[in-house]
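Please keep the sequence and the structure in view while reading.

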Amino acid sequence: MRVVLAEDLFLLRDGLVRMLEAFDFEIAAAVETGPELTKALAELEPDDDAVAIVDVRLPPSHTDEGLQCALAARRARPGLPVLVLSQHVEQLYARELLADGNGGVGYLLKDRVFDADQFIDAVRRVASGGTAMDPQVIQQLLSRRSADQPLGKLTPREREVLELMAQGRSNAAIAGELVVTERAIAKHTSNIFGKLDLSVSDDDNRRVLAVLAYLDQER
């Protein structure tokens, strides 16, 4: 798996390169500006297995240039997996990433990169076409909709499962986290989808996107 990395802070960029290489990722490019990111993504071969790991804010604008470059690359190369890194939780960034529902996407706070196992798990999940959303993003979405009657119908355990599901975890991963059987998690997810009036799907990523779309609805 090849990686295009965009991060303007040298020490963080260098540290991420070393970490990714230690886990057998190939660094196709490690750049620090928006124009360099656009060029590096355009130079990927059509059949490359690649993932873009992108800081939201890149020079020269230091606004959301990294995100916009990644989104433009996804339009030119549908399904390109993109993992966005941000200093703060911004729901708009997550919403833009999820808008086309095509290919792996992730949104993590930069603090998560200091936990190598957690960060590499997110990279692999996104690279394989899955979803990896930062727990703080999910907590904010849940908090914003906490007064909604459907969410109020969920049991405490179902809310735990919903939060982990929205982060992009599979039933097996959720079962491991909560130390229960996959069968128990399947029952909880079925109950959750019934209470939220969502269509059940056997596809983990479609399920995640359905939950995130529900949580991100304008109230």
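Thr33 lies in the loop between β2 (26–31) and α2 (34–42), where helices (H or I, at least four residues) and strands (E, at least two) are DSSP runs numbered from the N terminus. The model is predicted, so local features need pLDDT of at least 70 and side-chain atom pairs count only at pLDDT 80 or more, whereas totals for chains, interfaces and linings use all residues. Residues are numbered from 1 along each chain as its sequence is written, and side-chain values use heavy atoms, with hydrogens and water left out.

The table sets out two residues. Buried means under 20% relative accessible area, exposed over 50%, and partly exposed in between (1.4 Å probe, protein chains only).

| Residue | Class and relative accessible area |
|---|---|
| Thr33 | Thr33: buried, 19% |
| Asp55 | Asp55: buried, 4% |

Beyond its neighbours within four places in sequence, Thr33 is in contact (heavy atoms within 4.5 Å) with Leu58 and Pro59.

Asp55 belongs to strand β3 (residues 50–55). With neighbours within four places in sequence again set aside, the contacts of Asp55 include Ala6, Asp8 and Lys110. An unreviewed UniProt entry annotates Asp55 as "modified residue: 4-aspartylphosphate"; such annotations may be inferred rather than shown by experiment, and positions follow the numbering used here, with feature names shortened.

The axes of α2 and helix α3 (residues 65–76) come within 9 Å and cross at roughly 20°; axes are lines fitted to C-alpha atoms, for helices over the stretch in contact, with angles from 0 to 180 degrees between N-to-C directions.
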